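This report describes the salt bridges of one protein model. The sequence and structure come first, followed by the contacts and their surroundings.

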Amino acid sequence: MPSAFSVTSFPVSIPAVIMQTDWTEPWLIGLVTFHVLCLLLTCFSSQRYGLQVGHFLCIVTLVYCAEYINEVAAMNWRLFSKYQYFDSRGMFISLVFSMPLLLNAMIIVVMWVRKTLHVMTNLKNLQEKMKERRKRRKEE
């Protein structure tokens, strides 16, 4: 199969990139596995705040380094891939590497916001109970 990813005709749309990618390549299977494991860690680390913070920082660091990873992959693609997927715009790495990681980061942030709202609600309820107790003590 000839490569759909040539320097002159790199796909410009998201569906084109996804459809023209050979998902049977071992490194892409490994990448998908990595993303599934990251998602599982995101879900199962909800009760362990320290682990979740570390996971979040690793995700953000990987996304930050995506441009450098793209440059290195573009120079060495023949070592691990059949086709040159890594263009100068970073479309491919953004879709298959950064986007799933950012989705994980967003899930973590949503979990943190929910946890914060829950704690704030509990705090407010406690404050109301204490206010009520003080009021009862004053009346006695």
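## Salt bridges

The structure holds 3 salt bridges, a salt bridge being a side-chain nitrogen of Lys or Arg within 4 Å of a carboxyl oxygen of Asp or Glu. The model is predicted: local features need pLDDT of at least 70, side-chain atom pairs count only at pLDDT 80 or more, and totals for chains, interfaces and linings use all residues. Residues are numbered from 1 along each chain as its sequence is written, and side-chain values use heavy atoms, with hydrogens and water left out.

| Pair | Closest N to O |
|---|---|
| Lys82 and Asp22 | 3.2 Å |
| Glu128 and Lys124 | 3.9 Å |

Lys82 pairs with Asp22 in a salt bridge. This pair links distant parts of the chain, 60 residues apart: Asp22 is in the loop between α1 (14–19) and α2 (26–44), and Lys82 is in the loop between α4 (66–76) and α5 (91–139). Helices are DSSP runs (H or I, at least four residues), numbered from the N terminus. Lys82 is exposed at 52% relative accessible area, while Asp22 is buried at 11%. Here buried means under 20% relative accessible area, exposed over 50%, and partly exposed in between (1.4 Å probe, protein chains only).

Glu128 and Lys124 both lie in helix α5, 4 residues apart, about one turn of the helix. Glu128 is partly exposed at 41% relative accessibility, and Lys124 is partly exposed at 46%.

Methods: Helices (H or I, at least four residues) and strands (E, at least two) are DSSP runs, numbered from the N terminus.
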